[in-house]
Amino acid sequence: MISGGGTGGHIYPAIAIAHAWMEKHPESEILFVGAEGKMEMQKVPEAGYAIEGLPVAGLQRRLTLENLSFPFKLWDSINKARKLIKRFQPHAVVGVGGYASGPLLYVAQRKAIPTLIQEQNSYAGLTNKLLAKKAKAFCVAYDGMEKFFPENRIHFTGNPVRKDILNLSDKKEAALKHFGLDDDKPVILVLGGSLGARTINQAVLASMEYFEEKGYQLLWQTGRFYFEEMADKVENSGLKFIQALEFIKEMDLAYAAADMVISRAGALSVSELSLVGKPVIFVPSPNVAEDHQTKNAMACVNQEAALMLKDSEAVEGLAKKVDELMSDTDLQDRLGKNIKKMGKPNAAREIVEELEALIK
């Protein structure tokens, strides 16, 4: 059983682990467990796996009416998790973070079923920290995770990512055709996560006329929350080379088309971009625990593997930062090569090996 979700940063690593396991053990059964109404309930079936939803919800960090229902939803979720485990009889349970994984791993640990936690970030999430004492193994992507987990059970595997981004060199032509892009204009890929990043979207709005004047094309994932507003503004602007898309499903083609990338610095984004090997400007979100996106980005900046622009400076500073990068081919080449060195292409396979060891 694999549990977790809430965001793409949890869901896509979970799916990558499932794919890697089934490649090696095609006779297996995998059941996902997520949170009712969250994006995993759509994305997991699209990837070909069964999923069950729990009524669990996150605990708000401020006093809200929603928090009053939290203990009842948690109790219901634990009861449903018990029934799912009794029915499915798993040999092991994997938690990938997010509150959806809490009830399932809690029940599994009480029943002495081996649990493995995959922590994507440089700062461990609350659910994973609460489950740490009884977990049998921790697969991590950053150094220094002994602050959160028992050191003797930590395995540095990196974050698992989708396999289709590992070989992009022969996809450029197909990618340009797929998105209707000109092959004689540089392509800037803008990513703010599946829900969207307000600051990045505002920065692109402020800079898009300038980008078009410079001869750049934008492939811009606005995210679900902002798509209608951004699409209307692009349409009303009359600009021809700015594509606002709610969500990009064919990420391998988007990466293949890109000459450079502007992105948040979530763990999954950093891991994917390390394998893609394109020059990147990270704009870390300030609205995350312990400012871990800045730490993720700085791990790359310190290796001369990316540029970073503070969220507070993005609206006014994005155009200048893009120019700095696009006008310096040596810098582009250096950043691309250095970030590629940080990639862990075999992460999913190594996590499968740790899972096999637990089951044996």
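These legends go with a handful of close-up views of the structure above.

The model is a predicted one, so to speak of a local feature takes a pLDDT of at least 70 and a side-chain atom pair counts only at pLDDT 80 or more, while totals for chains, interfaces and linings use all residues. Residues are numbered from 1 along each chain as its sequence is written, and side-chain values use heavy atoms, with hydrogens and water left out.

**View 1. Seven strands line up in an open, parallel sheet.** Reading across, the order is β3-β2-β1-β4-β5-β6-β7. The edge strands are β3 (50-54) and β7 (154-156), and each of them pairs on one side only. Strands here are DSSP runs (E, at least two residues), helices are runs of H or I with at least four residues, and both are numbered from the N terminus. Two strands pair if DSSP finds at least two bridges between them. In general, strands of a sheet pair through backbone hydrogen bonds, either parallel or antiparallel.

**View 2. Zoom in on β1 and β4.** Strand β1 (residues 2-3) and strand β4 (residues 93-95) run parallel, paired over two bridges. Look for Ile2, which stands opposite Val94 in β4.

**View 3. Another open sheet has six strands, again with parallel pairing.** Its order goes β10-β9-β8-β11-β12-β13. At the edges sit β10 (242-245) and β13 (307-308), each pairing on one side only. Inside this sheet, β11 (residues 260-263) and β12 (residues 280-282) pair in the parallel sense over three bridges. Val261 stands opposite Val280 in β12.

View 4. Ala112 lies in the loop between α4 (101-110) and β5 (115-119), and Glu304 in the loop between α11 (292-301) and β13. Glu304, at 36%, counts as partly exposed.

**View 5. Four acidic residues make a negative surface patch.** The members are Glu173, Asp182, Asp183 and Asp184. Asp182 is found in the loop between α6 (172-179) and β8 (187-191). With a relative accessible area of 31%, Asp182 is partly exposed.

Conventions
Patches are made of residues with over 30% relative accessible area and no salt bridge: like charges are joined within 9 Å, nonpolar side chains (Val, Leu, Ile, Met, Phe, Trp, Tyr) within 5 Å. Accessible areas come from the Shrake-Rupley method with a 1.4 Å probe; for residues, only the protein chains shown count as cover. A salt bridge is a side-chain nitrogen of Lys or Arg within 4 Å of a carboxyl oxygen of Asp or Glu. The place of a charge is taken as NZ of Lys, CZ of Arg, CG of Asp or CD of Glu. Buried means under 20% relative accessible area, exposed over 50%, partly exposed in between (1.4 Å probe, protein chains only).
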